[in-house]
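Keep the structure open beside you as you read.

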Amino acid sequence: MTQTPASPVPGEERTDPWWKSAVFYQVYPRSFADANGDGVGDLRGVREKIGYLELLGVDALWICPVMRSPQADGGYDVADPRDIDPLFGGIEAFDELLAEAHDRDIKVTMDLVPNHTSVEHPWFAAALEAAPGSPERARYIFRDGRGPGGDEPPNNWPSIFGGPAWTRVTEADGSPGQWYLHIFAREQPDLNWDNPEVAADFEKTLRFWLDRGVDGFRIDVAHGMAKPEGLPDMANLPTKLLVNDDDDPRFDNPGVHAIHRRIRAVLDDYPHAVAIGEVWVDDNVRFGDYVRPDELHLAFNFRLAETPFTAEGVREAITQSLAAVAGVAAPPTWTLSNHDIAREVTRYGGGPVGLARARAMALVELALPGAVFVYNGAELGLPNVDDLPEEVLQDPTWERSGRTERGRDGCRVPIPWEGSAPPFGFTSGPASWLPIPADWADRTVEAQLETVASTLSLYRLAIELRGTRSEFGGDRIEWYGSPAGALAFRRPGGLICVLNASDGPIQLPPGQVLLASAPVGDELLPANAAAWLI
């Protein structure tokens, strides 16, 4: 039996912080809703759809980066972390959205990017103009090259997006110069977190947004800011892009924890706020270190999103995710997809089978204790779009891989809102920034709101029940006996969740069916389905 923080029970005074059992909705702004007709989603578009988010029943938003950026990597290349890019409507649009969300009792968290800046950040421009060894360059990680004339990169590290993690600069006198580190794209130079200026500036950014009323942050690459001493060569070079492992010296170095303790000290001045880390660490003990009482409040555990649709795999992912936080008494987090991962409908096989499995897994994750993160479009049962025309691809992975890896654009296609043809009300303009498939007409918000059996209706009801029923109370789960190819667990409040990942129907345990992802008859749960019982 695994201990986890309790969910609130109706009628009892809530003493836990709001984020411990919240349902977060991840907004990828350029793909959510476009208010000005330019084909790119923006913050006024989010504000116009806030009634939809209230109807869905989510507790909080996680808004992907909207700071000033040249958009080399979807806004994760930040030129000014204390301003909103005009592409998304400027800071006035952000303030309006924040006020509107708060009026509807929806919290707002935003993405912060501490590992790197844009090449268009004033600091990096100053570094390029300054000499080697200067204070301006000391804010980043500049090194002399290896080999004759320094023509080789300082070490063998690859970029996450392909190619070397180093780019050579041209010095002010026109000569070939030093190299700067960029774990991601060359437009994203890594900051030097050993420099006190870097930490002080990030603290300034935290307070800037918290003072405006933001309810917290998702910390990008939260396991990556500290670099190993001497920047040694990697013994094992990765063969796949966008993949991390626990032996990668670019990530999860011990010094990162002092950085998070400093961040937490700032957030402790704002007791309502939450810090959520993007932590790609598989080892349970090392993962748990990030959510110790003086570090992050929450950390993304991606096990469930990386697990195939099998009862054994899902049970192991749940068990390990709970174990990773149990030792430090932190709440677990659950997610099935995000802007970096292929959508669950596609991962689970695509078509009707993939959709059925995604619906089932939605009930599984919403039945678990802790915080849940829903990626925009998951509630519509959207699949990946893996046949986008090459000319529209924008993920830096596409070019950096020599056009051999399509990257993440397939999971970033805009939301279809209404109507029978693209762009389905996403924009008043002629086209969206990535094309929406014409066969999504039956997946629009409008169509699904009118259908009781739709995936959107399933999410709405599941989120409502999760937030209002006492059966979801308790701080642990117990595993139930279940047939081969199935799993079942019970919450202390009385909820039983059953997942049937087998090829045929299974007998449900005793109890009243509260909700099911597929029709249940004669107490039989169909294949590729889940049910809640009380």
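Trp-479 has Phe-489 in strand S16 as its bridge partner. Strands here are DSSP runs of E with at least two residues, helices are runs of H or I with at least four residues, and both are numbered from the N terminus. The model is a predicted one, in which local features need pLDDT of at least 70, side-chain atom pairs count only at pLDDT 80 or more, and totals for chains, interfaces and linings use all residues. Residues are numbered from 1 along each chain as its sequence is written, and side-chain values use heavy atoms, leaving out hydrogens and water.

S15 (residues 474–479) pairs with S16 in the antiparallel sense over two bridges; pairing requires that DSSP finds at least two bridges between the strands. Six residues lie between S15 and S16 in their hairpin, where Gly-485 takes a positive phi near 80°.

On to the next partner: S16 and strand S17 (residues 496–500) run antiparallel, joined by five bridges. Within S17, Val-498 is the bridge partner of Ala-488. This hairpin has five residues between its strands, and Gly-494 in the turn shows a positive phi of about 120°. S16 itself (residues 486–490) is mostly covered, with four of its five residues buried (under 20% relative accessible area, with exposed over 50% and partly exposed in between, using a 1.4 Å probe and protein chains only).

Now find Asn-115, in the loop between strand S6 (107–112) and helix H4 (122–129). Asn-115 is buried, at a relative accessible area of 1%.
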